[in-house]
Amino acid sequence: MNEIPKNKRGWRIWRRILIGVATLATLIAIFYTEEDWRGKRAWENYKHEWEAKGEKFDWQAFVPPSVPDDQNFFTAPIFTNMLNGKIVMNPYHSDGSPDFRPEKDEVGYLGGEGKTRITDLKTWQVSYRNPTNASLAKEFPVAPQPQTPAADVLFALSKFDSAIEELRQASQRPYASVPLNYEDGFNSASSLLPVLAELKRCTQVLQLRAVAELADGQSAKALDDVKLSLYLNNSLRSSPFLISHLVRMAIANIALQPIWEGLAEHEWSDEQLVALDAELAKMDFLADYEFTMRRRGAFAIASFENQRRTREVIVPQEDGGVITNSLRFMPSAYFYQNELAFARMQQQWLLPLVDTNSRIVSPAALQRAENSVHAEQKHYSPYKVQALMLFPAIGRAVEKFAAIQSSIDLARIACALERYRLAHGEYPETLNTLMPQFIEKLPHDIIGGQPLHYRRTEEGKFLLYSVGWNETDDGGEPGTFTDPKQGDWIWQYSVK
């Protein structure tokens with residue numbers, strides 16, 4: 001038997017290896033092609049089905065239309081000067097003082113941000129008149145002789161008078177649209193952050209000024225400042241980014257403080273209470289939730305599409321930096337299927353959390369959705385991994401939308417109760433007595449849809465509350481900062 005030469009045996013081995021590699025490459029190519037086709041087809045079929053029902057998946061459909069600069073609040077000189085640092089709106093000294101915390105027995109309304117109390121203007125007065133070091137002494141004007149706490153605070157804040165008046169004039173412009181380069185897609189949100197910071201600082205100045213004006217007997221000026229704060233809130237309503245609406249909630253909570261204080265101290269007139277109710281009635285965070293989630297969904301899908309094109313995913317880090325991970329070898333099916341999984345998750349779990357027709361938010365539905373997500377996560381699938389990672393942060397947003405809308409509703413009823421007290425000398429025995437003279441229609445508890453709880457208390461006060469996120473009537477006991485999901489969402493005034 002003739003022996004095969006070594007060089008021929010080597011060639012046969014390499015030939016078999018090459019054939020094996022070619023076969024494997026062909027199988028991989030077939031797999032990729034098949035999976036890509038299946039993924040793209042499944043996503044496009046789903047998209048076409050829901051687009052026929054009126055759903056929108058193109059993020060550009062949610063971009064606010066361009067408006068003329070001379071008619072846009074955000075391009076007014078006062079706002080551009082704040083953004084470039086020429087005007088700094090901040091009621092605090094640069095060292096962050098004064099610092100105070102609510103006392104346990106001084107409870108106000110409890111909504112999205114927790115307890116509040118009557119502002120301690122004496123603390124602010126001391127901070128402005130006696131800053132912690134000499135370098136801070138020139139930050140705020142100081143009257144030659146001490147006045148009342150309210151007068152001294154207003155004197156210090158007079159440094160912002162002209163800027164606030166310019167803001168008020170700018171608010172008369174017909175449009176409010178933050179000028180962003182939306183061609184950057186979801187990444188354009190980063191250039192929005194300085195705008196949000198300026199709006200919040202402006203509201204903090206207006207809050208303190210309004211509180212001091214109320215204490216100084218200038219309720220008409222306080223009303224104007226509250227209305228300007230609520231305008232700043234509304235100026236972000238057309239923004240397609242969730243972060244904008246989270247800042248709106250913070251601004252609304254800040255604006256509620258002087259409203260609450262004026263009610264607690266009986267500083268608002270009947271005419272002013274009517275004006276406040278009209279402004280609060282314009283705020284519908286439950287309707288905003290639906291639009292915000294749809295906008296957020298479209299931008300999330302756009303980010304998946306961008307990953308498919310670039311084969312890169314940018315991961316934010318806790319230190320503010322980012323890491324770019326390569327997805328070079330991922331099949332296109334990975335991105336298509338994650339788009340499909342996210343779109344289904346939004347339709348099945350996120351949007352139903354708020355019933356905008358009946359104005360009901362369901363904490364139980366969120367819990368069921370979270371349980372479903374956890375169950376899905378136990379069965380790892382690359383075709384759902386990114387979609388499932390997005391759910392927790394977006395799902396928790398519904399709690400914030402519910403809390404702030406509850407606070408708005410409680411504030412409206414509190415205004416009606418005060419109007420009743422002005423007319424009759426006491427609060428009514430039941431809320432139904434308020435309709436229709438003092439409020440056209442009573443808001444119900446958005447948690448569960450039942451009537452809000454109300455009772456008169458000693459010393460001529462009252463307790464008004466929602467059952468809160470735990471969906472349980474705790475008798476008007478608020479939650480705690482460590483466990484805000486427990487307890488009721490309340491509106492009451494402390495007993496002096």
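Cysteine 202 counts as buried, with a relative accessibility of 0%, where buried means under 20% relative accessible area with a 1.4 Å probe and protein chains only, exposed means over 50%, and partly exposed lies in between. Cysteine 415 is likewise buried, at a relative accessible area of 1%. The number of disulfides comes to zero when a disulfide is taken as a pair of cysteine sulfur atoms within 2.5 Å. This is a predicted model, in which local features need pLDDT of at least 70 and side-chain atom pairs count only at pLDDT 80 or more, while totals for chains, interfaces and linings use all residues. Residues are numbered from 1 along each chain as its sequence is written, and side-chain values use heavy atoms, with hydrogens and water left out.

**Confidence**
- The mean pLDDT of the protein is 85, and 84% of its residues reach 70 or more; pLDDT is the predictor's confidence in each residue, from 0 to 100.
- Over residues 99-114 the pLDDT is below 50, and beyond near neighbours in sequence this stretch has 49 contacts in the model, a contact being heavy atoms within 4.5 Å.
- Residues 316-322 also have pLDDT below 50, with seven contacts in the model beyond near neighbours in sequence.
- Where pLDDT is low, the predicted coordinates should not be read in detail.

**Overall make-up**
- The protein has 13 helices and seven strands, which are DSSP runs numbered from the N terminus (helices H or I, at least four residues; strands E, at least two).
- Of its 496 residues, 46% count as buried.
- Among contacts with a separation of 6 or more, 70% are accounted for by residues 24 or more positions apart.
- The accessible surface comes to about 25,300 Å², of which 52% belongs to carbon and sulfur atoms, as computed by the Shrake-Rupley method with a 1.4 Å probe.

**Helix α5**
- In helix α5, which spans residues 161-170, the buried residues are Ala163, Ile164, Leu167, Arg168 and Ala170.
- Seen down the axis of α5, these buried residues fall within an arc of 160°, so they line one face of the helix; the arc is that of the directions from the helix axis to the C-beta atoms.
- The cover over the buried residues of α5 includes α2 (77-83), α6 (193-215) and α7 (219-234).

- Strand β5 (residues 453-456) pairs with strand β6 (residues 462-466) in the antiparallel sense over four bridges, pairing being assigned if DSSP finds at least two bridges between two strands.
- Tyrosine 454 has leucine 464 in β6 as its bridge partner.
- Five residues lie between β5 and β6 in this hairpin, and glutamate 459 in the turn has a positive phi of about 60°.
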